[in-house]
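Trainee: I would like a close look at a single part of this structure. Please take me through it slowly and connect the pieces.

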Amino acid sequence: MNNKDLVICASLLLVLHGCSGMEGMPLPGMGAFEQPKERDLTIVDVNKDFKPLADTDRDYVKKEKIKYLVTGKQNFDTFLKESSIVYAGFAVTNGMFTDVNKELDQLVTEVEGNSSTPDCQKLKNLEKAGGYLTTAGVTLEGGVRNGKHLVNEGADLLTEAKSDFTGVTLPQVTNAIQTNVGRLKVVGSQGITLVNKTLELTGRVTDVVTVNGKACGQP
């Protein structure tokens, strides 16, 4: 029996037995069935301006281990990645806000304790961090707007998934969609508040840098 005959026989068996117990199994002479796979999201996916932060202490996407599912179907893959990017933007902004706020308070305390003599390297680092925080806030604001559309798209895809996927793949895909929709709703409910907090904090950073910059030779 040649390879072509084996494929025909295997196909007939699938029909006769209702494919029972054979979902996702490769047929003789055919490639293995590609299961959905998770891929790591990067901070550069959130915003290309964050490239210098990759693999540093400010790589909040890596810290959160944010991933996205790839199914091989474009409409699903686009939603799953874009919605993961929106959530990652929230995670980056939240992490950066927490760290910059702490660093600002520490610097102010040190300046007050040293008779207004600032640590110039810390001041320079704080100024740079304030710039990244501004970028994060703008990115998150756009993510909040995009997230509203993505929530509705996710609901539609949950319905489509029932006809586009079968077997163990179906719950894997639907779980990923539901998880991302849930995250989008968190971004929708908390995102703008966080954006406003970043605006207030970056204003404070600018004030501290301006007041103390002359002591470090800044114009």
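In which kind of crossing does H5 pass H6?

Mentor: The model is a predicted one. H5 passes H6 in a left-handed crossing. Two packed helices are described by the angle between their axes and the distance between the axes. For helix H5, residues 120-164, and H6, the axes come within 6 Å and cross at roughly 160 degrees. Angles over 145 degrees count as roughly antiparallel, so H5 is roughly antiparallel to H6. In the contact of H5 with H6, the residues divide by class into 22 nonpolar, 12 polar and 4 charged.

Helix H6, residues 169-213, also meets helix H4, residues 74-113. Their axes come within 7 Å, and the crossing angle is roughly 30 degrees. Angles under 35 degrees count as roughly parallel, and H4 and H6 are therefore roughly parallel to each other. The crossing in which H4 passes H6 is left-handed. Sorted by class, the contact of H4 with H6 has 23 nonpolar, 10 polar and 4 charged residues.

Next come the charged side chains. Side chains of opposite charge can pair when their charged atoms come close. The structure holds 5 salt bridges. One of them joins Asp 105 to Arg 204, with the closest N and O atoms 3.1 Å apart. Asp 105 belongs to helix H4 and Arg 204 to helix H6, so this pair ties together parts that are 99 residues apart in sequence. Asp 105 is partly exposed, its relative accessible area being 37%. Arg 204 is also in the partly exposed class, at 28% relative accessibility.

Arg 58 counts as buried, at 16% relative accessibility, because buried means under 20%. Glu 103, at 28%, counts as partly exposed.

Phi of Asp 55 is near 65 degrees, a positive value in a residue other than glycine. Asp 55 is exposed, with a relative accessible area of 60%.

Lys 65 is found in the loop between H3 and strand E2, residues 67-70. Although Lys 65 is not a glycine, its phi is positive, at about 55 degrees. Its relative accessibility is 66%, and Lys 65 counts as exposed.

Asp 40 is exposed, with a relative accessible area of 53%, whereas Lys 67 is partly exposed at 33%.

To return to the part you asked about: H6 is roughly antiparallel to H5 and roughly parallel to H4.

Technical notes. Residues numbered from 1 in each chain as written. Predicted model: local features only at pLDDT ≥ 70, side-chain atom pairs only at ≥ 80, totals over all residues. Heavy atoms only, no water. Axes fitted to C-alpha atoms, helices over the stretch in contact; angles between N-to-C directions. Helix = DSSP H or I, 4+ residues; strand = E, 2+ residues; numbered from the N terminus. Parallel < 35°, antiparallel > 145°, perpendicular 65-115°, else oblique. Left-handed = near helix turned anticlockwise from the far one by under 90°. Nonpolar A, V, L, I, M, F, W, Y, C, P; charged D, E, K, R; others polar. Buried < 20%, exposed > 50% of the residue type's maximum accessible area, 1.4 Å probe, protein only. Salt bridge = Lys/Arg side-chain N within 4 Å of Asp/Glu carboxyl O.
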